[in-house]
Amino acid sequence: MFRIVRERIDLDALLAAVTDPAAGAVVVFLGVTRNCNEGRQVTGLEYEAYPEMALREIEQIGHQAREQWPIQKIGIVHRVGPVPVGEVSVAIAVSSAHRDAAFQASRFAIDRLKEIVPIWKKEYFEGGAVWIGSQTGQAYPEGYPR
């Protein structure tokens, strides 16, 4: 399951997509809009994407994860449009026979997604808004929370 969606991410569908009788582990990563960042009160995020290219890159990340770790299934869903505080913007689920492969593949998937997928994040806060992340053409500063 690899998707770009405008509505809330259906976590039950994501889990169903990666469930496998050979899997003893399912790891889920959720990226959630938090209410503060860099000392600012965040009121929400908004994501924009080049959907066709973003989906191809997300699928490629899934294929790379399968090549590197003995996982059963992987699903990656990213939301675009407004994402209020407390809601999920990205969800990754990985199933494998043992937990270590699932954890590693999940970490790889979110890190790689942030590096290469053409999805841009705008942060709204009290008093303004800024585009943030490596997709702005600037690398994350040392210690910057991703």
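**Reading the model feature by feature**

Modeller: Setting aside neighbours within four places in sequence, Thr-33 is in contact (heavy atoms within 4.5 Å) with Val-42, Gly-44, Leu-45, Val-83, Pro-84, Val-85, Gly-86 and Glu-87. The model is a predicted one, in which local features need pLDDT of at least 70 and side-chain atom pairs count only at pLDDT 80 or more, whereas totals for chains, interfaces and linings use all residues. Residues are numbered from 1 along each chain as its sequence is written, and side-chain values use heavy atoms, with hydrogens and water left out.

Biologist: Where is Thr-33 found, and is Thr-33 buried or exposed?

Modeller: Thr-33 is found in the loop between strand 2 and strand 3 (36-37). Helices (H or I, at least four residues) and strands (E, at least two) are DSSP runs, numbered from the N terminus. Buried means under 20% relative accessible area, exposed over 50%, and partly exposed in between, with a 1.4 Å probe and protein chains only. Thr-33 has a relative accessibility of 4% and therefore counts as buried.

Biologist: How should I read a nonpolar core, and how many residues has the largest one here?

Modeller: In soluble globular proteins, nonpolar side chains tend to be buried together. The term covers a set of buried Ala, Val, Leu, Ile, Met, Phe, Trp, Tyr and Cys residues joined through side-chain atoms within 4.5 Å. In this model the largest such core has 26 residues, and Ile-71, Ile-74 and Ile-76 have the most contacts inside it. At least two residues of this core come from each of strand 4 (40-49), helix 2 (51-68), strand 5 (71-79), strand 7 (88-96) and helix 3 (99-116). Helix 3 gives the largest share of this core, 7 residues. Apart from this core lies another, of 8 residues, including Val-5, Val-18, Val-88 and Ala-91.

Biologist: How many salt bridges does the structure hold?

Modeller: A salt bridge is a side-chain nitrogen of Lys or Arg within 4 Å of a carboxyl oxygen of Asp or Glu. The structure holds 6 of them. One joins Lys-73 and Asp-20, with the closest N and O atoms 4.0 Å apart. This pair links distant parts of the chain, 53 residues apart: Lys-73 is in strand 5, and Asp-20 is in the loop between helix 1 (11-18) and strand 2 (25-32). Lys-73 is partly exposed at 30% relative accessible area, whereas Asp-20 is buried at 17%.

Biologist: What is the N to O distance between Glu-123 and Arg-40?

Modeller: The side chains of Glu-123 and Arg-40 meet in a salt bridge at 2.7 Å, N to O. Glu-123 lies in strand 8 (residues 119-125) and Arg-40 in strand 4, so the pair ties together parts that are 83 residues apart in sequence. Glu-123 is buried, with a relative accessible area of 3%, and Arg-40 is partly exposed at 24%. The charged end of Arg-40 also sits over the ring of Phe-125, 4.6 Å from its centre; the criterion is NZ of Lys or CZ of Arg within 6 Å of the ring centre and within 35 degrees of the ring normal.

Biologist: Which residues are linked in a network of salt bridges?

Modeller: Arg-8, Arg-79 and Glu-87 are linked in such a network. Between Glu-87 and Arg-79 the closest N and O atoms are 2.6 Å apart, and both of these residues are buried.

Biologist: How many aromatic pairs does a search of the whole structure find?

Modeller: A pair of aromatic rings is described by the distance of the centres and the angle of the planes. Rings of Phe, Tyr and Trp (its six-membered ring) pair if their centres lie within 6.5 Å; planes under 30 degrees apart count as stacked, over 60 as edge-to-face and the rest as tilted. The search finds 1 aromatic pair. The ring centres of Trp-69 and Phe-108 are 5.4 Å apart and their planes are at 50°, so the pair is tilted. It links distant parts of the chain, with Trp-69 in the loop between helix 2 and strand 5 and Phe-108 in helix 3, 39 residues apart. Trp-69 and Phe-108 are both buried.

Biologist: Finally, in what sense do strand 8 and strand 9 pair?

Modeller: Two strands pair if DSSP finds at least two bridges between them. Strand 8 and strand 9 (residues 128-132) pair in the antiparallel sense over 5 bridges. Tyr-124 stands opposite Ala-129 in strand 9. The two strands form a hairpin with 2 residues between them, and Gly-127 in the turn has a positive phi of about 100°.
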